[in-house]
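Please read it alongside the sequence and the coordinates.

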Amino acid sequence: MTPPEAPVNGDTATQGDRPPAVSVCVLGLKSRPEFLAAARARKQGTKGMMVQARRRAPDEPAPQDAIRVGFTCSKKVGNAVARNRAKRRLREVARLVLPRHGRGGWDYVLIGRAGATTTRPFEDLQADLIYALSKLHSDRA
């Protein structure tokens, strides 16, 4: 029996776990005004989360080709442990989905839902985010 190969350069993840290599930079939203600006823009709810999205103005200081994303959960989701677990799941979904389905020059806020974000199967959370992004980016008449 041969031992398994050691990871190269300390890499423990397999290629299937990573999003594709893209030239889009994903940055985090940090300040309250950035979250409030997204809250005034488009919204799309799904079973596992609420997604808010807005196109940034050309004069904003963030890079125009970057995708910015923020995460939040209210106390309705549960105690601090439950809220942090929900946000960890949302961060991972965003890491996997946004490089492929998000658009550069947009800000997204993912909001956890009480009783759904932490219990919903991970594949369904990914499908929820893909669905929400397709609805948010469709031309609305």
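The report goes from the overall fold to the core, then to a helix pair and to individual loop and strand positions.

The model is predicted, so local features need pLDDT of at least 70 and side-chain atom pairs count only at pLDDT 80 or more, while totals for chains, interfaces and linings use all residues. Residues are numbered from 1 along each chain as its sequence is written, and side-chain values use heavy atoms, with hydrogens and water left out.

**Overall fold**

The protein chain contains three helices and five strands, where helices (H or I, at least four residues) and strands (E, at least two) are DSSP runs numbered from the N terminus. Read from the N terminus, these elements follow the order β-α-β-β-β-α-β-α. Of the 141 residues in the protein chain, 36% are buried; here buried means under 20% relative accessible area, exposed means over 50%, and partly exposed lies in between, with a 1.4 Å probe and protein chains only. Among contacts (heavy atoms within 4.5 Å) with a separation of 6 or more, 76% come from residues 24 or more positions apart.

**Nonpolar core and aromatic pair**

The largest nonpolar core comprises 18 residues, and those with the most contacts inside it are Met49, Val51, Leu98, Tyr108, Leu110 and Leu129. Such a core is a set of buried Ala, Val, Leu, Ile, Met, Phe, Trp, Tyr and Cys residues joined through side-chain atoms within 4.5 Å. Two or more residues of this core are given by each of β3 (49–55), β4 (67–72), α2 (80–101), β5 (106–112) and α3 (122–137). When neighbours within four places in sequence are left aside, Leu110 is in contact with Met49, Met50, Val51, Val69, Gly70, Phe71, Thr72, Leu90, Ala94 and Leu129.

The structure holds one aromatic pair. Trp106 and Tyr108 form this pair, which is stacked, at 6.4 Å centre to centre and with 15 degrees between the planes. Rings of Phe, Tyr and Trp (its six-membered ring) pair if their centres lie within 6.5 Å, and planes under 30 degrees apart count as stacked, over 60 as edge-to-face and the rest as tilted. Trp106 and Tyr108 are both buried.

**The α2 and α3 helices**

The axes of α2 and α3 come within 10 Å and cross at roughly 45 degrees; axes are lines fitted to C-alpha atoms, for helices over the stretch in contact, and angles run from 0 to 180 degrees between N-to-C directions. The two helices α2 and α3 are therefore oblique to each other, given that angles under 35 degrees count as roughly parallel, over 145 as roughly antiparallel, 65 to 115 as roughly perpendicular and the rest as oblique. On the α2 side, Arg89, Glu92, Val93, Ala94, Leu96, Val97, Leu98 and His101 meet Phe122, Leu125, Gln126, Leu129, Ile130, Leu133 and His137 in α3.

**Loop and strand positions**

Thr118, found in the loop between β5 and α3, is buried with a relative accessible area of 17%. Not counting residues up to four places away in sequence, Thr118 touches Ala82, Arg85, Ala86 and Arg89.

Leu27 lies in strand β1 (residues 26–28) and is partly exposed, with a relative accessible area of 31%. Beyond its neighbours within four places in sequence, Leu27 is in contact with Pro63, Ala66, Ile67, Arg68 and Val69.

Ala57 sits in the loop between β3 and β4 and counts as partly exposed at 28% relative accessibility, while Gly78, in the loop between β4 and α2, counts as partly exposed at 24%.

| Residue pair | Apart in sequence | C-alpha to C-alpha |
|---|---|---|
| Leu27 and Arg68 | 41 residues | 4.5 Å |
| Ala57 and Gly105 | 48 residues | 8.2 Å |
| Gly78 and Gly115 | 37 residues | 8.5 Å |
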